[in-house]
Amino acid sequence: MDINLEYYKIFYYVAKYKSITLAAEQLSISQPAVSQAIKHLEGDVSCALFVRTAKGVRLTKEGEMLFSYVERGYETILSGERKLSEMLNLEQGEICIGASDMTLKYYLLPYLEQFHEKYPGIRVTVTNAPTPETLQHLGDGKIDFGIVSTPVAAHAHIRLVPVRKIQDVFVAGRKFDYLKKEKLPYKRLMELPFMCLEGSTSTRQYVENFLQEENVRLFPEFELATSDMLIQFAVRNLGIACVVEDFATEYLKSGELIKLEFEKEIPKREFCIVSDDRAPMSAAAGKLMQYLQT
């Protein structure tokens, strides 16, 4: 049975208000158009749905049964429209973001604070993972966008927007104060206890590639999961740690750590917003991305 869904909409309003006149007013159409639609619907379902009364109309038994289903269906549609409007007006919604400890702490967190204050109905989920995993999550559709640190391998459909420069440095505890008096060649690191991040993070890959260009290959004494742990190991004089400078700023100011100076500085990298051009962006995710680029 192929029935015009507009007939059901008109049927819903006539049954709800028990009046063809009131239904016409609600729908902003003429009374004859309402009467004609009901006549067509009754013809399509092969039974009478309304009985005229002195005050308007009432449902027949068949009409009551049909209305019990139409009412649930139409009000579900109306509820969906309201929810959609709330999402488009940023009254509610959900955003899934991918970020590493570093990009979350030193870039994303202040923006999330501002965004949540302005749009408290938007739920934000942050998937904490290094750059390679964040890119995988993006490709799998598990996140709306990610905040990553370069280098980032080229991927089809992936869009990168640079948002902030970062600097990799080598830091050490007070035991190594004697090293701050000179500008070092990178080969000097081969004589010192070295510590770095474990696994295939973008930070480790970038520094290792740079050192290889300087004909330096290091064998870490400690490989740790986070840059915060590297800092703590360095403060305790367990070796030279390679970290993004933001992690060490507080300790460099207090004198608990020193920054080693080299004859050549490691080129700066970037934090980038990464998104998939193939995936449509929700209104909430799009608004947060605008925040991140201001």
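**Pockets and a helix pair**

Modeller: Gladly! Keep in mind that this is a predicted model. Let us begin with the largest pocket, where H6 contributes the most to the lining, with three residues.

Colleague: How many residues of the lining of the largest pocket are polar?

Modeller: The largest pocket holds about 390 Å³ of space, and 21 residues line it. Ser100, Pro130, Leu197, Thr201 and Ala225 are the ones nearest its centre. Sorted by class, the lining has eight nonpolar and three charged residues, and the number of polar ones is 10.

Colleague: Which element gives the largest share of the lining of the second largest pocket?

Modeller: This pocket has a volume of about 220 Å³ and 14 lining residues, with Phe194, Arg204, Glu208, Leu211 and Leu218 nearest its centre. Two elements give two or more residues to this lining, strand E8 (194-197) and H7. The largest share is six residues, and it comes from H7.

Colleague: Are H8 and H9 roughly parallel or roughly perpendicular to each other?

Modeller: The axes of H8 (residues 227-235) and H9 (residues 245-254) come within 9 Å and cross at roughly 30°. Angles under 35 degrees count as roughly parallel. The two helices, H8 and H9, are therefore roughly parallel.

Colleague: Which residues in H9 does H8 meet?

Modeller: H8 passes H9 in a right-handed crossing. By class, their contact has five nonpolar, two polar and one charged residues. From H8 come Ser227, Asp228, Ile231, Gln232 and Val235, and in H9 they meet Phe247, Ala248 and Tyr251.

Key:
Residues are numbered from 1 along each chain as its sequence is written. This is a predicted model: local features need pLDDT of at least 70, side-chain atom pairs count only at pLDDT 80 or more; totals for chains, interfaces and linings use all residues. Side-chain values use heavy atoms; hydrogens and water are left out. Axes are lines fitted to C-alpha atoms, for helices over the stretch in contact, and angles run from 0 to 180 degrees between N-to-C directions. Helices (H or I, at least four residues) and strands (E, at least two) are DSSP runs, numbered from the N terminus. Angles under 35 degrees count as roughly parallel, over 145 as roughly antiparallel, 65 to 115 as roughly perpendicular and the rest as oblique. A crossing is left-handed if the near helix is turned anticlockwise from the far one by less than a right angle, and right-handed if clockwise. Contact means heavy atoms within 4.5 Å. Ala, Val, Leu, Ile, Met, Phe, Trp, Tyr, Cys and Pro count as nonpolar, Asp, Glu, Lys and Arg as charged, and the others, Gly among them, as polar. On a 1 Å grid over the protein atoms alone, a cavity is a set of points where a 1.4 Å probe fits but cannot get out, and a pocket is an open set with protein on both sides within 12 Å along at least five of seven lines; lining residues have an atom within 4 Å of a point. Grid points are joined across faces, edges and corners, and a volume is the space filled by probe spheres set on the points.
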